Amino acid sequence: MHGVVNWAVHFFMLDEGPLIWLSDFLIICASLGIVAVLTKFRLWKWLWDEWLTTVDHKKIGIMYMIAAILMLFRGGTDGLLMRAQLAWPNMHFLSADHYDQIFTTHGTIMILFMAMPAIIGFFNVAVPLQIGCRDVAFPYLNAISFWLFFFAAMLFNLSFVVGGSPDGGWTSYPPYVENQFDPGPGENYYLVALSITGIGTIATGINFLVTILRMRAPGMTFMRMPMFTWSVFVTSVIILFAFPVLAVALALLLIDRDFGSHFFTVNGGGAPMQYVNLFWFWGHPEVYIVILPIFGLMSEVISTFSHKRIFGYSAMVVSMVAIAILSFVTWVHHFFTMGAGPGVNSFFGVSTMAIAIPTGVKVFNWIFTMHKGRLEFTTAMLWSLGVIPNFLIGGLTGVMLAVPPADYQYHNSYFLIAHFHYTLIGGTVFGVFSGLYYWWPKMFGVLLNEKLGRWHFWTFMVGFNICFFPQFFLGFMGMTRRMYTYPAGYGWGVVNLISTIGAFLMGVAFIIFVYNILWSARYGERDTTGDPWDGRTLEWATTSPAPHYNFAIIPTVKGRDAWWLMKQNGESINGPKGVPFRPIHMPNNSGRPFIMSALFFILGAGFVFQWWILAIVGFVGVLICMAQRSFEYDDSHYIPVEEIEQTEAAAGRL
Amino acid sequence: MEAKEHKFHREEGFPWKHVLGLFLSVLLTAIAFWLALATHQPPALVITIIVILGVGQLLVQLYMFMHFTESDDRAWQVPAIYFGLFIVFCVVGGSIWIMTFKSIVA
């Protein structure tokens, strides 16, 4: 009995102190609250029918965005805990162990479980509408992608209160993370959760690649596609070729940890640096996966709010393709200090600097798009314009880091931390907020409040720069990455305090954002036209939110900025008057993606704790789900013409 | 979803191709494991054979499962394969080049 209690106390980490108890308490309260609300308002059936089983790209997109905002909260809380610990010399707010766990979960969650779902959420929200089709190529697979991501994120977050979080950094380098030095389930959580979400991401890459290749509306040639769709196309190619490499690296490391092989151990013929090499072969393209779609949506936003077509469309396309190809040949700059020799380091230094050229082309094109435009500084526009100076600082410091001899000085110092936060927050997070303000009416039929939006933007912009700009100097002053505390007398204290103040300002900005969502849901301006921004691309041609089938009649595209052209020529999205509607073929909802992903969660938990019976149960369940799908012949239905007529009449498009 | 689902005909009869594909892919995997675990050949030989088996596995997957030879307007899989070869060149060739540092350092 005593043994069981001891085991449980350790397993649920009740011996780890008040932070864990508080988290347990909050998780239990939140879960009970959700269950109570769903039961009280009899929403269980609604939840299952409308959301958990949906294969509609618009709803999947919304779920991705909600998950991304929740994970931004989790990752942001981690960040604030770290900044609180570092605010002053010799702080003992967090222990070294807890600090290690928190910087690991912060990085992993922000990249894999915040940036990725936000990006993929926008794929879902915008791409099928922009290219004038009714859903993605594989709607059922799309649901599987989402639920795999969701359950992987839950599994990863569970580590905080069950068994212990990973503590090897978001890069999880061996040999430190091998069993010998880092026993326990922590690193397994990282490896398994990333593997599961990786399967979903590869499926998303395939899905959008096929959707864009095969399902564009008639007349929409490649060079007529909206810029965002182009960026998703390029990003999907990168996903498809980069993520399998991560899958292999993670699998090999998991085999090392679970089954005692020696791929990356120091003894037994293993090569720890080979993991680093494989990880960054994925890791570098990954940063372009989270920035290229932002470049695409910035192009949309800047063009829309300049009321001009994008400047240098072909140059934009060529530069994105160039970035995609170059992104696969720069990965060594993450580990110049491994000492691969002057030949290797020079090659990868030069290839890294070369990426600055196409990126610069894009920046100039945005500026020239605004030149002589009729500028409208909406919140979405502000966020997009905010990317330009912030990302420029991130990019220029990136070129500094790309010089191998100089990199030996900057490597793993706070200079690096400041650099990549300028690209990932200054680029990706600013861009995600821009996209949220821009597409929010399309997603929910409600505009976010502009005044609160401005408060959100300026608080975040100021807080972000106060937080991260001083960190460049901390790097020069010698403060290294991942140190959990530092002695007084180095002159780092005040600089760190300033940085922490900035971080908490960003927290305030996040609260304003959440308040804006809640305020707008209740009092916000309703989007009755479907085209609140006087948009240029096809997603603004339909109702907000779009009807289930998107377009009653698939539009014919006559040029770039298809909807703009239609408006200029006074055409309707449904074509000339009197064209009869035909029944629309749509995929059926299915609960199997949800159930199968839950079984993946069980399989994953088995691998985390090495409970093989659990793993086998999960695995067999997954196989049964796949087999069932193979024999499912009745997987689609037709929307009758009367229903389409009713919906279109209600939208005033008859 | 376009209402032109009849473009893709349903497969008729028993899917022999897939069964053969499954058999071959399991067999190729089993040989690789057997070579690594049960034989005592020099590592260089084992690795070479496993690479050859891997290429075989690739062909089985492409031809037996992935409808590599089918397409009804443009064969998008062809440029994809070329880009795949470029990536393979980068990851294999690049890794060999980068990781030779061991021989210099050691």
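Trainee: Which domains does the domain assignment of chain B give?
Mentor: Keep in mind that we're looking at a predicted model. In chain B, the C-alpha centres of domain 1 and domain 2 lie 20 Å apart. As for the bounds, the assignment for chain B gives domain 1 (14–70) and domain 2 (72–106).

Trainee: Staying with chain A, which helix holds Thr39(A)?
Mentor: Thr39(A) has 10 C-beta neighbours inside 10 Å and therefore counts as exposed. Its C-alpha atom is separated by 32 Å from that of Ala650(A), 611 residues apart along the chain. The helix you want is H2 (residues 18–40) of chain A.

Trainee: How far apart are the end C-alpha atoms of helix H11 (residues 342–370) of chain A?
Mentor: Start from what you'd expect: at 1.5 Å a residue, the 29 residues of H11(A) should span 42 Å. The model agrees with that, as the end C-alpha atoms are 43 Å apart.

Trainee: Which helices do the buried residues of H11(A) pack against?
Mentor: The buried set in H11(A) includes Val344(A), Phe348(A), Thr352(A), Ile355(A), Thr359(A), Lys362(A) and Trp366(A). As a general point, an α-helix has 3.6 residues a turn, so residues three or four places apart point the same way. The partners of the buried residues of H11(A) come from both chains: H3 (77–99) of chain B, plus H9 (272–306), H10 (313–327), H12 (379–401) and H13 (404–410) of chain A.

Trainee: How do the residues on the side of chain A that touches chain B divide into nonpolar, polar and charged?
Mentor: In total, 23 residues of chain A are in contact with 17 residues of chain B. On the chain A side, helix H8 (227–259), H9 and strand S1 (584–587) each supply at least two residues. By type, that side divides into 16 nonpolar, five polar and two charged.

Trainee: Where is the cis peptide bond with omega about 5 degrees?
Mentor: Check the loop between helix H6 (139–158) and helix H7 (186–214) of chain A, where Pro175(A) is found. Another cis bond runs from Ser544(A) to Pro545(A), with omega near -15 degrees, and Pro545(A) is in the loop between helix H16 (493–523) and helix H17 (562–568) of chain A. The one you asked about joins Pro174(A) and Pro175(A).

Trainee: Last one: what percentage of residues 42–558 of chain A is helix?
Mentor: That stretch of chain A carries the UniProt annotation "domain: Cytochrome oxidase subunit I profile", from an unreviewed entry. Its end C-alpha atoms are 48 Å apart, and strand makes up 0%. Helix over residues 42–558 of chain A comes to 68%.

Methods: Residues numbered from 1 in each chain as written. Chains lettered and ligands numbered in written order. Predicted model: local features only at pLDDT ≥ 70, side-chain atom pairs only at ≥ 80, totals over all residues. Helix = DSSP H or I, 4+ residues; strand = E, 2+ residues; numbered from the N terminus. Buried ≥ 20, exposed ≤ 12 C-beta atoms within 10 Å, placed from the backbone. Expected span 1.5 Å × (residues − 1). Contact = placed C-beta atoms within 7 Å. Nonpolar A, V, L, I, M, F, W, Y, C, P; charged D, E, K, R; others polar. Domains from an automatic or database assignment. UniProt positions renumbered as here; feature names shortened; annotations may be inferred.
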